[in-house]
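You asked for a quick read of this one before you dig in yourself. Here are my notes, in the order I would look at things.

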Amino acid sequence: MNEPAFFSRRSMGQANYLLVAIAATFLIALIPIAAYKAVRGGANDMKSWLPASEPAVANLNWCDEQFDGDQMILASWDGCTLGNAETLDRVARNLSDGSQAKDSGSGGLFTRVTGGSALLAQLTSPPFNLSREAAVERLEGTFIGRADGAHGAGNLDARPTCLAAFLSRDAAADADLRRQAVERLRATILSEANVTPAGIHLAGPGMDSIGLDEEAIRTLARLGALAITVSFGLCAWRLRNLFVAAIVVGAAAISAGMSLALVFYCGVLEVTALDRLAPWVGSTDALVTGVPVLVFVLALSMGFRLVYYYRDARLETDGDAAERGVGEGRPWWLMTPLLVAAIVGVLCTSDIVPIRRFSVFAGVGLVASVAIVLALVPVLLHRFPLSKQSIAALGGGHGSPPRWTEGMFQFGAGSWFAIMLFCVSTLALAGWGLMTLNTSAQLPAMAGARSRLAKDYAWFGERVGHAAPLDVVIDVPIERCRRLEESAEADGQQYRLSLAERLSLIDAVSSRMRAATDVSGVWSPGTVNTDALAGDQGDEELRHALERQGLMRFTRQTSDNPTDRELWRLRARVTAAAQARGVDYEEVLKQVRAAVEPVLRAYEQRDLVVRNLHERGGQLSGAKVCILFADEFNDPAPARNSPEQRLGELLNRSGVAADGVKFVNLEALNENGRTAPVVRERALELLEKQTAVVRMTAVENPILARLADNGVNVVNVGIDDVLEESQGAPVIAAGGVRPIRATFAGMPAVAAALSAGLLPSVWAASQIALVLLAAVMVVVAWDIVGGVLAVLPIVFPLGIVVGMLGWMEVRLDTGLLLPATLAIGLAVEGAVNFIAWFRRGSAAGLFRHEAARMAYARMAPGMLDTLIVGGVGLLPLALSGIASIQLLALLAAPIALTAMIATLSLLPGMVCSPLAAFFGAVDEPQASEATLRPISLAGVREDRAVAAPGRPHVAAAAVHPNIAAAASGRTHSSTAEARHEGIDAPHLSLHTKLQRLRHSAGDSSIGS
C-alpha cells in the first residue's frame, strides 16, 4: 500500500497540513506589531550611515561636541512675515517655556528658540546698531526671505520669516523625544498662529528622520494597502479565481510584512544578547523600508509558479496535487532565493551602513518568503482543493500562455543569432549609460519629491532660504588673538588679530560664501556690524550674544583638544530637495571651499611677510610693500578678487606705509616685452625702494633672481592650500606657528562623502557577485561554457534598466539597489528555472526545440502574471514620499518586462542555437523533416521510460488532455481533429509516442 503524502500523514495526532498551518499562523501573528515598530523606529540620520572614521562624520561629531549639537528644526507657516512679528515671538516664547518633555525626566526638548523678528531686533540694538534695512539684508536667505515680486518686494513687513528651534541633546538622540518636540512645535503653531496643519512647514536636520518615518508609515500602511488591493484585482482577473488570487497575494503580502518584522526582532536580539544601548543592524532606514516591496514582487512570482504547477498536477490526477506541485520546483524553490541572497549579501562589504542593512534584510527576507509561500499556498490548496471547473478556468481557461506571447519564443528560437546580437548590442549601449551614471545623496535623505518633507524644504527654499545647513568652523589659535592695545606683531611670527579684525575675517568669508550658487544665505558672527566694534567696545557683551546663538566659543576640555582655540561658526544654508534637478553636494562643497580657502590663504601669506620682515629686523607696521602679479596686457593693477588684490587689501588694513601697497606687473620688467624702457626703469626703481617685494608664485623667474641679486627683499608667499584637518585636530609642530583653519561640517558634507563612496562600493561588490553568479550557473547548467552563457540573460534586465537611467542622466542614490535587486531576482528565477526545465526535457528525450518549448510553457504564464500583477500593481507606490520606493514602483514593470524578454526570448535563442550542446540538449537528426508537431503549450510532462531501438531508456513526452475537454467530460477526439483544431487529446499523446519510436528507429517516413 502506498504511503500517504506528507500533508495527508498525521503527526502528534493531527494532520501535517494542520500543524504547518498552526505554525504559520503563530509566526504571522508576530508580524504586525513588529513591522509597525520597525517602521516607527527608523534610523534615517545620514550621519549614522558612514563609519565614524569618515572625515565628514568625524568633523560633524566634533562640531556637535563643541556646539552642543544644535540639531535644528526650521518652522514657518503661511502668512508668517515680519509684519506678524508678535505671533512669531509668541510661538518662540511658548516653545521656550513649554519645552519640557512629557514624562521624560530630561532637561527639555529645546535648548533655545530663535525667530527672525527677534534676531532683527537684536541686530538693530546695541552693540550692533544696524539699521533695519541693513539688518534685514544680512538676514536674507537664512531667517528672512529675499525680496521679490511675490514676497515682500519694497515692503519689509511683508518679508516671509521663520524660527529655528534647536533640539536638546536628549531630544536629538531619542526618537520618541524628537517626536514630542515636533508635536509640541506643531501644536504651538496651531494654537498661536491660527493656521491649518497643511499650512505649517517644518524642515531642517532635526526634522528629517521624523519626516521620513511618517512617510514610511504612510507608504506602507496607505499606499501599500492600495497596491495590495490593485494587485489582488489584477491577480483575480488573470487567474479567474478569487480564492487562488487571495492565496497568492496574501502570501506575498505576509512575506513582505515578515521581511520588515525581521528588522525589529534583529534589533531586539542586538539589545538583549549583545548588550547594545540601541540596535545598529536591526534598524530601518529609507532603503530598508523598500525591502517589503521587493519581497512582495518576488513572492508573487513564486506564488504564480506554484499555482500553475498545482494546476498541471491536477490535470494529471487529483491525488496530492499540492505536494506534487511543490515537488515540480524542487530544489529550485530554495536555491534561487539563496543565490539572490548571496548576490545581495556581498554588499555587506560596503562601508555605507544602509547598504549593509539592505544586504542583510533583503537576503533574509527573500529566504523567509520561500518558507511562507510554501507553507501557505500548498496547505490551503490541499485543504480546499479546487473543483474541476475552477481548474479549467484557472489562468484563462486553456493552460497556455496567450498566443501573442508565443511570438517571443518563435523569434528567439528561429532568429537566435539576431536576438543574441540585439541583446549584446543593447547591453553594450546600456554599459555606456552605466559609465555615465551619476550618484547623488539627496537632502533630506531618500525623501521623494511628493513627500511633505521635501515640499517643506522646497517651500523654505522658495520663500525664506534653503534649509540644509553647512557649518564652516573657523579655528583661530588663542595666541593669534589680542586686545586692541596689544601689538599685532609681538612675537614676530604672525599677525595677531583684535576682536574687530577677527570679525572682519569672518565677514570676508561670509560674503564670499553668500556668492556661491547653491547658498541662499549665511548666518554667522560676521552678520554683526564690525564698524561699531572699534576700540573693542562691548567685548564681553558681544561674546555672550554670539555664544547664546551658538556662533562662537572656545574649544572645550571635553574634547581631546586643549582649550586654546577660538571657534567661529558660520552656518551656510545650501540647496536641498531640488525637485527639478539633483544636487551634487560634492560640487556644493567645492564651491564653499573655493569661497573660504582663498581668504585664509591671504592671512597665512601675511604671516609669511611678517616673519620675513622680523627676520631682517623690521616689521609690517609702516613697511613699504609691493606685490608682483603677472598679466600679459601690462595692466597697472591685478584683477578684482585675484589673490594679489586680496592680499593687498589685507596688508593695507594691517598698518603698512600710508601710501599703501603698490603693484607691479611682471610683464613690465620683461626686457623682451612690449614695455617701454623708461617704464621698466621706473618699475625697477620702485622695487628697490620697497621694504618687501611679494611674489605670489613659487615658479622661478629670471627677473626675480636679478632683483634678489640687486639686494631687493623678495618674499615668496606661494604656499600650498590652507590646512584642513578632520575634527580640528591640533597641529603637531612644537614651537611652530599654528595657522587659522577651516573645518567643514554638516549633512551636505556627509552627503558629498556618501555620493563619493557609493559607486566604488557597489562596483566592488558587483564584481564579487558576478563571479559568484557565474559559478552557480555553471552548476545549474552543468557546463562551464553554458553557465557563463547563462549569465547574459540574468544581467540583461539589470543592465538595460540601470543603463537607461544613466542615459537619462538621472541622479541616483542608494535607492538604486531596490530596482537592481528586483531585476537580479526575477532574472535569476527565470533563468534558473528555464534551464532546469530545459535540461529536464532533454533528459526525457525531447529535442532541443521541443525541450525549449516545454520550458517556455512552464515559465511563460507565471512571468506574464508577475509582469501584470507585480509591475502594474505597484504603481500606487509611485505616489510614495520615499524616493527609493517610488523609483522601484516606476521601474517594476520595465524590469519584469525585460526579465521576461530575457527568459522567454533570449534563453530560447541560446538553447535552440548551436550553443544548445552546452546546456545538455539533444539535436534533431539531420535527415529528418518536421519530426513532431510543436509541443503543446499546455505543458509537456515526463512519462514512463520507453525502450526504443537506438535510443534506450528515453522518456517519451506526453501532452495533457485539453482542459476544456476535461471540464466538459469529453476525453476522446481524433488525432486529425486535434491537429486541425490545435486541441490536445490522449490519442495525440499516443501518436506522439509512436512518432518518437519511429524516429528513434530511423524511420523518416512519419505518417500524418
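How many helices and strands does the protein have? My points below start there.

1. **Overall make-up.** The protein has 32 helices and 19 strands. Keep in mind that you are looking at a predicted model. There are 1008 residues in the protein, and buried ones make up 57% of them. Take the contacts with a separation of 6 or more: 76% of them come from residues 24 or more positions apart. As for the surface, the protein exposes about 40300 Å², with carbon and sulfur atoms supplying 58% of that.

2. Have a look at strand E16, residues 741–746. Of its 6 residues, 6 are buried, so the strand is largely enclosed by the rest of the structure. In a regular strand, side chains alternate between the two faces of the sheet. Here both faces are covered: one side has Arg741, Thr743 and Ala745, the other has Ala742, Phe744 and Gly746, and all of these are buried.

3. **The partner of E16.** Strand E8 (residues 468–477) pairs with E16 in the antiparallel sense, over 6 bridges.

4. **Salt bridges around E8.** The structure holds 33 salt bridges. One of them is between aspartate 471 and arginine 571, with the closest N and O atoms 2.7 Å apart. That pair links distant parts of the chain, since aspartate 471 sits in strand E8 and arginine 571 in strand E11 (residues 565–574), 100 residues apart. Aspartate 471 and arginine 571 are both buried.

5. **A bridge between two loops.** The side chains of glutamate 479 and arginine 738 also meet in a salt bridge, at 3.0 Å from N to O. Glutamate 479 is in the loop between E8 and helix H19 (499–514), while arginine 738 is in the loop between strand E15 (714–716) and E16, so the pair ties together parts that are 259 residues apart in sequence. Are these two buried or partly exposed? Glutamate 479 has 28% relative accessibility and therefore counts as partly exposed. Arginine 738 has a relative accessible area of 13%, so this residue is buried.

6. **A charged network.** Which residues do salt bridges that share partners join into one network? They are Arg311, Asp312, Glu328, Arg840 and Arg858. Within this group, aspartate 312 forms a salt bridge with arginine 858, and the closest N and O atoms are 2.6 Å apart. Aspartate 312 belongs to helix H11 (residues 291–316) and arginine 858 to helix H28 (residues 848–873), so to speak two distant parts of the chain, 546 residues apart. Both aspartate 312 and arginine 858 are buried. Glutamate 328 is placed in helix H12 (residues 321–328), and its side chain has a polar contact of 3.3 Å with that of arginine 840. Glutamate 328 counts as buried because its relative accessibility is 11%.

7. **Aspartate 208.** This residue is in helix H9 (residues 205–239). Its relative accessible area is 10%, so aspartate 208 is buried. Setting aside neighbours within four places in sequence, aspartate 208 is in contact with Pro444, Leu453 and Tyr457.

8. **A nonpolar patch.** On the surface, Phe26, Leu27, Leu30, Tyr265 and Val268 form a nonpolar patch, together having about 430 Å² of accessible area. Helix H1 (16–29) and helix H10 (242–273) each supply at least two of its residues. Tyrosine 265, found in helix H10, is partly exposed, with a relative accessible area of 31%.

9. **Two backbone angles to check.** Asparagine 194 has a phi near 55 degrees, which is positive in a residue other than glycine. You will find asparagine 194 in the loop between helix H8 (175–193) and strand E6 (200–203), and at 73% relative accessibility it counts as exposed. Arginine 240 is not a glycine either, yet has a positive phi of about 60 degrees. Arginine 240 is in the loop between H9 and H10 and counts as partly exposed, at 45% relative accessibility.

Technical notes: Residues are numbered from 1 along each chain as its sequence is written. This is a predicted model: local features need pLDDT of at least 70, side-chain atom pairs count only at pLDDT 80 or more; totals for chains, interfaces and linings use all residues. Side-chain values use heavy atoms; hydrogens and water are left out. Helices (H or I, at least four residues) and strands (E, at least two) are DSSP runs, numbered from the N terminus. Buried means under 20% relative accessible area, exposed over 50%, partly exposed in between (1.4 Å probe, protein chains only). A polar contact is a pair of N or O atoms within 3.5 Å; within protein, one must be able to donate a hydrogen and the other to accept it, and residues adjacent in sequence count only if both atoms are side-chain atoms. Contact means heavy atoms within 4.5 Å. Accessible areas come from the Shrake-Rupley method with a 1.4 Å probe; for residues, only the protein chains shown count as cover. Patches are made of residues with over 30% relative accessible area and no salt bridge: like charges are joined within 9 Å, nonpolar side chains (Val, Leu, Ile, Met, Phe, Trp, Tyr) within 5 Å. A salt bridge is a side-chain nitrogen of Lys or Arg within 4 Å of a carboxyl oxygen of Asp or Glu. Two strands pair if DSSP finds at least two bridges between them.
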